[in-house]
Each structure stands twice: as C-alpha cells, then as structure tokens.
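Here is a quick tour of the pockets in this protein. Have the sequence and the model open as you read.

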Amino acid sequence: MTEHSTALHTDRYELTMLEAALRDGTAGRRCVFELFARRLSGGRRFGVVAGTGRLLTLIRDFRFGESELRYLRDEKVVDAATVAFLEDYRFSGSITGYREGELFFPGSPILTVEGTFAEAVILETLALSVLNHDSAVATAAARMSIAAGDRPLAEMGSRRAGEQSAVAAARAAYVVGFGATSNLEAGRVWGIPTMGTAAHAFTLLHDTEEQAFRSQIEALGVGTTLLIDTYDIPRGVETAVRVAGPSLGGVRIDSGDLPIVAAEVRAQLDALGATSTRITVTSDLDEYAIAALAASPVDAYGVGTSVVTGSGTPTAGMVYKLVARQSSDDAWVAVAKTSTDKASKGGRKSAFRTLDGGTATSELIAVADGFEQIATGAQHPDARPLQVPLIVAGDIDTAHEGPVGVSAARAHHARVREELPVQALALSRSDPAIPTVYVDVA
C-alpha cells in the first residue's frame, strides 16, 4: 500500500458497483449521497458529530497508488477498465455537513456528498467507519462531561481499544469536554493536553510504598498525584502526606466503593493538613458512576474503557444512502429506500435548528425539489442553519483539519450544548430530546 493511502479502507462491493456502473454508462450520473442516523443508538437523547476533520484528511489521502492497483489486479477484484479509472481517482465533488462538535438527531443530514456516482459511492465505508466510531465516542463522552459538571475529565482508555481507534477516541472525547488524554500520539497529532504519573507496577517495583512515593516525588515534584490504593488506602494516604508534605498535589483512587472511599480519604487528608490535595478517581467509570459521585468530595475523573467503547454503544448507527440522482435526460430525481424499518427520505436536505429563547425546539429539515436552500430569515427567523461547506469542487476547507480544527470543534460543541433543553441532560434511555420535522419546499 502506498504511504498514507486510505483507498482500500473500502468494502469490495463499492468497487464492484463502480465496475458495473462504468460498464452500463451510469457511473457519470450526478448523485447526492447523504450520511445520517435513522435513530439515536442506545436510547440516547442527542448525538454529537465527531470525526469530520479526520475524514477530510482521509479523503485527501484516498488515492490508488501502484500497490493498491496491483492488489486489485492480482485479486481480480475489478476489471482492467475499473482499475484504469481508479488510477486517476480524485474526489472532485462537493461535501456539505454539520460542523464537528454539532449535535445531531434522527434524520439529520450530517454529510451531503455530491458528485458523480463513481466518485461518491466509493467513499461510503471510509465516511461511515470514521463518523460512526468517533460520534459514538463523542456522544458517550458528552454525557460523561454533563455528569461531571465543572470537575475535569481525563481520557485514559488506550489499552482498551485498537491502537488507531485509541487516538481517534481521545480526539473525540476532547472535542466534547474532556480536558486531557493519556495517549501521547493524540497529544502529538491533535494538540490535546496529555497527563499521567504512575501505575501500580511502579509501587510494586519498589521494596516499600514509601520508597515508590519518594522516587516519584523526586522525579515529578510534590505537585504530582500519588496512587494510594496498591495496598492499604489509609496507610497509603498517611505515607503520601508524610513523604510529600501537606502540599501534595493529588492522590488517585482506583478501587473500592468510590463514594465511601473518597469521603474517607478526604477526611484523612484534611486531618493531616493536606486540605488542598486533590482527589482523582478512576476504576471503570462511566456516566452513571460519575453522576453517582456528584455529591462526593472528588476533584477529577479518569475514564478508560467506557469512553473509548462508547459506553456500551460503540457505533452511532449512521448510514450512507443515495437520496437524489440525475436521470438520463439530466432531470433530478429524488430516490429513497422503502424497506420496512429502514426507510429513508429522498431529496437533498437543508437542515436548521429551531430555537425558543436560545433553547432548541426542533431539528427542521427542508426537502427542496429544486435543491434550493430555504431562506431562514424569510421563513424561519429563529432557526440556526446547521450545514457548512467542507469540500467544494474537490477543494477541502483546511480550517476543519488538524489541531486547529479540533480546537474549533471543541469550542463549537461547548456553544451548541447550551441549546439543549433540560430533558436532554438526563442519562436515562428516552426519545430524542427534540423532534425531527420535515418540510417540503417547492
């Protein structure tokens, strides 16, 4: 595979459809594909779009080099004419979509991909693999952020995910409010603050817990966080304060009945004069465990498995469907699947969020036969437009990529989350917080 190529992150049927379309002459028809979720996975009340900036870079790298083409020839995946087409492949169409960090609901046109059938259809798997994963993580992480309130969150789940998924998960969690990650590659590539001190292995390496604490403090200073539950927690707290003094930065608890243990540790720290020492808890936290600790004297949370796996919902349930195409006489035709439980709505969409006093009331989706965007000022003065251009005639808007794009997505999410109605903040399974309303525009 050529360096950085993402071309074979593709399901085979996309290329076999391409071959058939090239043979019958329909490959050049202009088409509109849409990426959306029919429902919110896991009974969530809202979803969060994440991965857009990553996807744009991956589309730039969607090139068939000699290695990829040789594989297609050797394995007889497609015929020679299709290989020749792919040799010069560059996406030259346009993509509009929701900004990264934006909220989404059932039917939200998260991405709208316009181009020829040939160039748009083969982006399906790449787009879905990125947005389904990252949006699932972001949605779970946003719920954790809501549960945590003003207390900081750190992502530390790299050991519970694939090596590339771990980096993507750290990025998605940061977009929605996590303040740091343990993953150094995520820090290097995306500019996310990194954190980390020591694990139980470091304590077990030394002859005594005191020796381990002294070594860590000598290396990292008294502002470090000491892991106090390798052996006996009360003894660990006493040793930590005796070694570091009352200016010890923090202690971490990774086991036990956390509400009870946190209260006991806080009382002990205060009694020893370490009143400013912060308590961080870890140990298989999810949004429900974080919410249960709201009244406990906890200062920060570290979340691992639950955040990188979407807290039990590892995919956002998004699909990529053809919703409009040109006919043989160049007229536009809205198309849609009508299968039971999998029906979709044809036609290109323009999406808006209606607001009442700054609070979201509906996801308004205009379906325009002539593909003309409705004017919000004329028809819906209190609606916020949700779509922005991401790629125009093959040119990618680089503002969405890299660390700058991540920072912009994080700031955008913080703004739009303020629009959620109060019922959206509950953690229980329920219907979406706002309804999706379709409006046909002549």
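How much space lies in the largest pocket? About 910 Å³.

## Ground rules

This is a predicted model, where local features need pLDDT of at least 70, side-chain atom pairs count only at pLDDT 80 or more, and totals for chains, interfaces and linings use all residues. Residues are numbered from 1 along each chain as its sequence is written, and side-chain values use heavy atoms, with hydrogens and water left out.

A pocket is an open set of points on a 1 Å grid over the protein atoms alone, where a 1.4 Å probe fits, with protein on both sides within 12 Å along at least five of seven lines; lining residues have an atom within 4 Å of a point. Volume is the space filled by probe spheres set on the points.

## The largest pocket

Strands (DSSP E runs of at least two residues, numbered from the N terminus) that give two or more residues to the lining include strand 6 (153-155) and strand 9 (250-253). Strand 11 gives the largest share, four residues.

## The second largest pocket

Here the space is about 770 Å³. Of its 23 lining residues, Thr 6, Arg 54, Leu 58, Gln 164 and Trp 190 lie nearest the centre. Helices (DSSP H or I runs of at least four residues) supply lining too: helix 6 (124-148) is one of those with at least two residues, and its five make up the largest share.
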